[in-house]
Amino acid sequence: AMRLIIDTDTAGDDCFSMLLALHQPGVTVEAVTICGGNIDFDQQVENALYTLEVAGKGGKVPVYPGCRRPMMRKPIDAEYVFGEDGMSDAHYPRAHQRPEASHAVQALIDIVMSNPGEITILAQAPLTNIAAAVVQEPRFAGAVKHLWIMGGTDNSLGNVTPAAEFNFYVDPEAAQIVMNAGFACTLSTWTLSVQDSGILAAELADIAALDTPLSRFFTQVNQASVDFSMARYGVGDSLHPDALTCAIMLDESLILESGDCVVDVETQGRLTRGYSSVSSPRLPAQEVADPELGSATPANARVIRRADRAAFVQMM
Ligand code: BDR
Ligand code: CA
């Protein structure tokens, strides 16, 4: 059994990740926390509430609005990928459920600290809420069972700049705080997403042909990503970084290759803002003399290097 909090900047793929978790037997989604990122903050809250309703969980999972902007930087959005409403401009009706009055950071701290070692967090947005929880409650990181992060790159091209992926680029200071906070943590990068989270045009057509309420929701909300991919890369596939991260979390047999690495985040660079430095995998302690490793800095994250795309597509 898994007790889960999803931290999300709910638009497009964030919704599909939520749907995977909400439909997984044995997983209890204890809360959804919203962090500034993809689109207008209040619209993200609405999208999360609507997605719960689509999953048949309306009124059953509290949604807490959190940090509306990054710690130090001006907000940057991704409306150009997901549409103005984040849902390919489907303009869904307002959900019946309303957001909680209390703040996401307090909710994260309260839920985790009253259930130490029990709560898994899936962080699929800029890391502002998680970093704020770390700053406010020093025992927070140690009390989280496992933190799954969609963010950063594996020393490869980003999606916002050549150096950086969106979630780490938007709030690099938060990402740096989180990566150095001592979480038991797994990182699912943009590099992995480019490689293994694509759903091909023919597979998207198979999903559409199911013609169920969920498949219609998926197809509609995914349309802006498909259009974006077509315009930028000339292919009608779409990438699903958040959903892949969630799928791996729900079924770790999807992990084909991973390594325990030292990950840190660049906050000073001009061209490298939000760059995630990922070391080569750390060897077992007794082999730490490897000269390439230099000082024996311990690994702080398991980095996923290869995932089972076909199995992911089946789950979707
Ligand atoms: C990440 O950025 C967001 O736009 C997506 O939802 C995903 O979390 C990919 O870089
Ligand atoms: Ca996201």
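In this predicted model, strand S7 (residues 255-261) and strand S10 run antiparallel and are joined by six bridges. One point of contact in this pairing is Ser258, whose bridge partner in S10 is Ile304. S10 also pairs with strand S6 (residues 185-188), here in the parallel sense and over two bridges. Within that pairing, Leu187 has Val303 of S10 as its bridge partner. Strand S10 itself spans residues 301-307, and because five of its seven residues are buried, the strand is largely enclosed by the rest of the structure.

The shell around ligand 1 holds 13 residues, of which Ala78, Glu165, Phe166, Pro241 and Asp242 come nearest. At least two shell residues are supplied by each of helix H1 (13-23), helix H7 (166-170) and helix H12 (241-250). Sorted by class, the shell around ligand 1 comprises five nonpolar, four polar and four charged residues.

His91 is not a glycine, yet it has a positive phi of about 50°. This residue sits in the loop between helix H3 (79-82) and helix H4 (104-113). His91 counts as exposed because 9 other C-beta atoms lie within 10 Å, the cut-off for exposed being 12 or fewer. Asp211, likewise not a glycine, has a positive phi of about 50°. Its place is the loop between helix H10 (201-210) and helix H11 (213-233). With 9 C-beta neighbours inside 10 Å, Asp211 is exposed as well.

Methods:
Residues are numbered from 1 along each chain as its sequence is written. Chains are lettered from A and ligands numbered from 1 in the order in which they are written. This is a predicted model: local features need pLDDT of at least 70, side-chain atom pairs count only at pLDDT 80 or more; totals for chains, interfaces and linings use all residues. A residue is near a molecule or strand if its C-beta atom, placed from the backbone, lies within 6 Å of it. Helices (H or I, at least four residues) and strands (E, at least two) are DSSP runs, numbered from the N terminus. Ala, Val, Leu, Ile, Met, Phe, Trp, Tyr, Cys and Pro count as nonpolar, Asp, Glu, Lys and Arg as charged, and the others, Gly among them, as polar. A residue is buried if 20 or more other C-beta atoms lie within 10 Å of its own, exposed if 12 or fewer, and partly exposed in between; C-beta atoms are placed from the backbone. Two strands pair if DSSP finds at least two bridges between them.
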